[in-house]
Amino acid sequence: GRAGTVAFGRFLANRPVMPEKIFAAARSALGARAAGRHVLAIQYTTHLSFPRRAGSGLGPAHGKVPGLLHPLLALDSADGTALGLAAGQVWTRQPGKVTARRKRATKDKESMRWIATAMSQGWNLRQKL
């Protein structure tokens, strides 16, 4: 509910709370829950706005552009049970214009998050970057 959302936002607003630590703790807890299961890994991106954390990767970069969260969620393929967070990235877009996407290498595109998140799990994607 709303109270939980506000409480979670306050938790994230604390300086010692770092996304890398949250992802690492979640990943270490996932191993036992995923053992012996066929696991689906689902990625998506959502927008976040934590104005008090500007400059930390959790706040707006410029104007009204929010931070972005790209998690990798693990689900049990048999029944859809959410097993936990396997990995993730949090970043804020940089201000200014960017080169047209067709003129940039994959490694220089924001969409690299899809590949980087999968690779963080040791997956071999056999793709030239």
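This is a short exchange about how the labels on a predicted model are assigned.

Mentor: The model is predicted, so local features need pLDDT of at least 70 and side-chain atom pairs count only at pLDDT 80 or more, while totals for chains, interfaces and linings use all residues. Residues are numbered from 1 along each chain as its sequence is written, and side-chain values use heavy atoms, with hydrogens and water left out.

Trainee: Why are F8 and F11 called a stacked aromatic pair?

Mentor: Rings of Phe, Tyr and Trp (its six-membered ring) pair if their centres lie within 6.5 Å; planes under 30 degrees apart count as stacked, over 60 as edge-to-face and the rest as tilted. By this rule there is one aromatic pair. F8 and F11 lie 6.1 Å apart centre to centre with 25 degrees between the planes, so the pair is stacked.

Trainee: How are F8 and F11 placed in helix α1?

Mentor: F8 and F11 are three residues apart in helix α1 (residues 2–12), which means a separation of about one helical turn. Helices (H or I, at least four residues) and strands (E, at least two) are DSSP runs, numbered from the N terminus. The protein has three helices and four strands, in the order α-α-β-β-β-β-α.

Trainee: What makes F8 partly exposed?

Mentor: Buried means under 20% relative accessible area, exposed over 50%, and partly exposed in between (1.4 Å probe, protein chains only). F8 has 49% relative accessibility, so F8 counts as partly exposed. F11, at 40%, also counts as partly exposed.

Trainee: How much of the protein counts as buried?

Mentor: Of its 129 residues, 26%.
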